[in-house]
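Good morning, and thank you for making time for this presentation. I would ask you to look at the sequence and the model first, and then I shall go through the fold and its side-chain pairs.

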Amino acid sequence: MIHTWKTNWEESKQRYIDWWNHKGVVITMWEHLQQGVTPHAAIPAPPAPVDLNQRWFDPQWRAAELDYYVSRSSLKADILPVANTQLGPGSLAAMLGGVWGGGEDTIWIHPSPNPVDDIILDPDNKAWRIHKELLRACKEKAQGNYYVGMPDLMEGLDILAALRGTDTVLMDTVMNPELLDKQLRQVNEIYFRVFDELYDIIREGDEMAFCYFSIWAPGKLSKLQSDISIMIGEEDYRRFVQPYIREQCQKIEYTIYHLDGVGAIRHLDALLEIEELDTIQWTPGVGEPQGGDPKWYDLYRKSWREENRSSPAG
């Protein structure tokens with residue numbers, strides 16, 4: 001049983017459980033506040049990283065830095081005690097041949113220089129190895145004081161766009177849809193294999209936390225998305241996105257879909273057809289009133305089904 005540095009965790013846990021059951025609210029934030037926080041433990045800071053490669057891809061350094069960071073983070077309200085093990089947005093693409101590179105503020109994943117028609121997971125892939133090593137190192141450091149978050153693997157068309165380039169994938173929806181169907185099936189099969197293996201590393205009993213949105217659930221949990229869908233029509237969404245999101249929702253008990261941008265609203269009906277989807281998180285985008293603004297009240301009402309199966313999150 002986990003005993004976190006968060007003194008009100010049992011109360012917060014119940015609020016998360018209620019929220020997944022479409023009752024009440026959770027008051028949290030994606031990142032952590034550190035100003036004015038009394039350290040939860042005397043955790044030493046690691047030495048400065050020698051370069052960006054160590055900053056992002058050295059499991060032992062990352063684990064030490066995250067241990068120090070969480071020990072000095074505010075855990076008030078329902079803020080989750082979690083180590084953010086991000087290895088880039090859509091890090092599954094790095095395991096499948098994408099080019100991984102650390103920047104000053106984030107990790108970039110560029111298309112493979114040698115794209116192939118068959119998407120496979122090489123068990124010796126460096127990115128796949130580092131994912132497992134990082135999570136194991138963080139779990140060892142955590143000692144039950146906080147959760148180790150699941151990295152933002154992503155799925156589906158977004159992974160293929162990262163691997164092969166957005167233009168190529170968009171052209172394939174018209175010129176080579178059969179290849180796209182095959183690759184999407186392959187990506188989903190690999191996703192479940194990767195997710196399950198990482199889940200077995202980070203789980204606390206059945207519980208787990210997800211880095212993106214800093215969210216917790218009493219069982220398997222994933223954030224789902226298809227940001228590239230803002231560039232495709234509703235018919236293509238139902239062919240190339242919806243079936244694979246549905247499969248994830250059927251195999252993963254707790255799911256939250258990241259709906260990004262006003263142009264993606266046209267896909268809301270297709271999402272609401274996925275009965276197993278628990279929650280839709282709405283990001284209006286730059287230049288728009290943000291979540292909670294009255295402009296989006298009708299959108300929230302539409303998302304809230306009569307059977308209360310899909311909870312809108314701002």
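In which sense do strand β4 and strand β5 pair, and over how many bridges? Before I answer, please keep in mind that this is a predicted model. Strand β4, residues 147-150, and strand β5, residues 208-210, pair in the parallel sense, and two bridges hold that pairing.

A second pairing involves β2 and β3. These two strands run antiparallel and are joined by four bridges. A hairpin of four residues leads from β2 to β3. Within this pairing, Gly101 has Trp108 of β3 as its bridge partner.

I turn now to the overall dimensions. The chain comes to 12 helices and 10 strands. For 314 residues, a compact globule would have a radius of gyration near 20 Å, and the chain, at 19 Å, agrees with that. Along the principal axes, the C-alpha atoms fill a box of roughly 60 × 45 × 35 Å. Buried residues account for 53% of the 314 residues. As for contacts between residues at least 6 apart in sequence, 72% of them join residues at least 24 apart.

The aromatic side chains come next. A pair of aromatic rings is described by two quantities, the distance of the centres and the angle of the planes. With rings counted as paired when their centres lie within 6.5 Å, the model has 15 aromatic pairs. Consider Tyr16 and Trp216: their ring centres are 6.0 Å apart and their planes stand at 70 degrees, so this pair is edge-to-face, the cut-off for that class being over 60 degrees. Tyr16 belongs to helix α1, residues 9-20, and Trp216 to strand β6, residues 215-217, so the pair links parts of the chain that are 200 residues apart. Are these two residues buried or exposed? Tyr16 has 1% relative accessibility and therefore counts as buried. Trp216, at 0%, counts as buried too. Both residues also belong to a cluster, in which ring pairs link Trp9, Tyr16, Tyr147 and Trp216.

A further pair is formed by Phe57 and Trp100, with 4.4 Å from centre to centre and 40 degrees between the planes, and it is classed as tilted. Phe57 lies in helix α2, residues 52-57, whereas Trp100 lies in strand β2, residues 99-102, so the pair ties together parts 43 residues apart in sequence. Phe57 is buried at a relative accessible area of 12%. Trp100 is buried as well, at 19%, and the cut-off for that class is under 20%.

Two charged side chains also meet rings. Arg55 places its charged end over the ring of Trp56, 4.2 Å from the ring centre. Likewise, the charged end of Lys251 sits over the ring of Phe192, at 4.5 Å from the centre.

Helix α7, residues 166-175, contains Thr173. With 11% relative accessibility, Thr173 counts as buried. Apart from neighbours within four places in sequence, Thr173 is in contact with Leu180, Asp236 and Phe240.

That concludes my presentation, and I shall be glad to take your comments.

Definitions and conventions: Residues numbered from 1 in each chain as written. Predicted model: local features only at pLDDT ≥ 70, side-chain atom pairs only at ≥ 80, totals over all residues. Heavy atoms only, no water. Phe/Tyr/Trp six-rings, centres within 6.5 Å; stacked < 30°, edge-to-face > 60°. Buried < 20%, exposed > 50% of the residue type's maximum accessible area, 1.4 Å probe, protein only. Lys NZ or Arg CZ within 6 Å of the ring centre and 35° of its normal. Contact = heavy atoms within 4.5 Å. Pairing = 2+ DSSP bridges. Rg over C-alpha atoms; globule rule 2.2 N^0.38 Å.
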